Amino acid sequence: PFMTGSTIAAGDEETINFPNVTRSITIINKDAENDDIRVHFASTGSANTLGGLHYITLGSKNSSLTMNVKCNSVYVSAPGNAAAYEMFAELTGINPQTMFPLTGSGIDE
């Protein structure tokens with residue numbers, strides 16, 4: 001298992017790099033003021049992450065998202081005010097360096 005959490009400054013993003021490839025990820029918005037957090041597989045600096053709406057928004061305290069997905073990293077951003085989150089991931093035994101990059105339509109194109 002892997003657990004983490006943080007408070008992200010307004011307009012910033014965090015990259016969570018996993019020690020192994022994930023089997024599933026659960027993200028919980030823990031912001032007391034119900035500020036949005038966004039979850040995505042490419043940086044907001046990537047050409048179409050924001051413009052292409054390639055993210056999921058969690059908009060109220062204790063709203064959550066569980067994804068059964070194999071990846072070695074995920075991004076969490078705070079588009080408005082600072083916001084807090086918690087994350088739990090189930091890990092595989094797969095080394096993260098062997099994971100192919102997540103790219104293409106719906107991710108960064």
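**Contacts, rings and a core**

Reader: Leaving out residues up to four places away in sequence, which residues does G5 touch?

Author: Touching, or contact, means heavy atoms within 4.5 Å. G5 is found in strand β1, where strands (E, at least two residues) and helices (H or I, at least four) are DSSP runs numbered from the N terminus. With residues up to four places away in sequence not counted, G5 touches Y85 and E86.

Reader: Before we go on, what kind of model is this?

Author: Residues are numbered from 1 along each chain as its sequence is written, and side-chain values use heavy atoms, with hydrogens and water left out. Local features need pLDDT of at least 70, side-chain atom pairs count only at pLDDT 80 or more, totals for chains, interfaces and linings use all residues, and the model itself is predicted.

Reader: Back to G5: is it buried, partly exposed or exposed?

Author: Buried means under 20% relative accessible area, exposed means over 50%, and partly exposed is in between (1.4 Å probe, protein chains only). G5 has 41% relative accessibility, so it counts as partly exposed.

Reader: How far apart in sequence are the parts that the F2 and F18 pair ties together?

Author: F2 is buried at a relative accessible area of 18%, and F18 is buried too, at 4%. F2 lies in strand β1 (residues 2-8) and F18 in the loop between β2 (13-17) and β3 (22-29), so the pair ties together parts separated in sequence by 16 residues.

Reader: Which side chain of opposite charge is nearest to D31?

Author: Lys and Arg count as positive and Asp and Glu as negative, with His and the chain ends not counted. D31 lies in the loop between β3 and β4, and it is buried yet has no salt bridge (a side-chain nitrogen of Lys or Arg within 4 Å of a carboxyl oxygen of Asp or Glu). At 8.8 Å away, the nearest side chain of opposite charge is K61.

Reader: How far is the charged end of R38 from the centre of the ring of Y55?

Author: A charge sits over a ring if NZ of Lys or CZ of Arg is within 6 Å of the ring centre and within 35 degrees of the ring normal. The charged end of R38 sits over the Y55 ring, and its distance from the centre is 4.3 Å.

Reader: What is the phi of N62, roughly?

Author: Most residues other than glycine have a negative phi. N62 is in the loop between β5 (56-58) and β6, and it is partly exposed at 45% relative accessibility. N62 is not a glycine, yet its phi is positive, at about 75°.

Reader: And N34, what is its phi near?

Author: N34 is found in the loop between β3 and β4. With a relative accessible area of 40%, N34 is partly exposed. It is another residue other than glycine with a positive phi, and the value is near 60°.

Reader: How far apart in space are T49 and E109, C-alpha to C-alpha?

Author: T49 lies in the loop between β4 and β5 and is buried at 0% relative accessibility. E109 is in the segment after β8 and counts as exposed at 54%. They are 60 residues apart in sequence, but C-alpha to C-alpha their separation in space is 7.5 Å.
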